[in-house]
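Hi,

Here is the structure I promised to pass on. Have a look at it first, and my notes follow below.

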Amino acid sequence: MKTLRMLVLMFSVMCSAGLMGVPSANAEVQTFLNVNYEWHSRAFSYRWTGDYNIPGWMNDNVSSVRNQDGAHVEYWEDGNCQGRHMTSRESFNDLGAVNDDLRWWENWNDRVSSFRIIF
């Protein structure tokens with residue numbers, strides 16, 4: 001009986017930490033074609049951690065992103081979370097002002113192709 005209680009406790013801890021693929025929290029990432037969160041938002045709302053590609057016509061056209069819930073998000077330069085990336089829990093009203101993990105003359109404006117929600 002003690003072993004069963006211990007297994008149940010371990011399972012519940014792993015689930016609450018998101019280690020078992022069980023939803024741990026809501027995360028909403030919104031992408032915008034223009035700076036300052038303007039013009040045509042595409043919101044991605046997920047309860048699961050995972051990798052997500054930006055849909056075709058918005059791919060490489062994102063100029064601002066809003067991280068509604070402060071989730072740990074990695075933004076990737078290429079589809080399927082490939083290439084260079086930056087990690088943040090923040091929103092960015094102008095990706096043209098962000099050059100994390102890029103060359104000094106580059107920025108993230110019109111560069112995001114996929115993202116990963118980690119929580």
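Thr31 is buried, with a relative accessible area of 1% (buried means under 20%, exposed over 50%, partly exposed in between, with a 1.4 Å probe and protein chains only). Thr31 lies in strand S1, residues 27–32 (strands are DSSP runs of E, at least two residues, numbered from the N terminus). Leaving aside residues up to four places away in sequence, Thr31 touches a list that includes His40, Phe44, Ile54, Met58 and Val65 (contact means heavy atoms within 4.5 Å).

Before you read on: this is a predicted model, where local features need pLDDT of at least 70 and side-chain atom pairs count only at pLDDT 80 or more, while totals for chains, interfaces and linings use all residues. Residues are numbered from 1 along each chain as its sequence is written, and side-chain values use heavy atoms, with hydrogens and water left out.

Now the sheet. Four strands form an open sheet in the order S3-S7-S5-S6, with antiparallel pairing (two strands pair if DSSP finds at least two bridges between them). S3 (50–53) and S6 (82–88) are at the edges with a single partner strand each, so one side of each has no neighbour in the sheet. Inside the sheet, S5 (residues 73–78) and S7 (residues 114–117) are joined by four bridges, and Tyr75 has Phe115 in S7 as its bridge partner.

Tyr75 and Phe115 turn up again in the largest nonpolar core, which has 21 residues; they are among those with the most contacts inside it, along with Leu95 and Ile117 (such a core is a set of buried Ala, Val, Leu, Ile, Met, Phe, Trp, Tyr and Cys residues joined through side-chain atoms within 4.5 Å). S1, S5 and S7 are the elements that give two or more residues to this core.

Cheers
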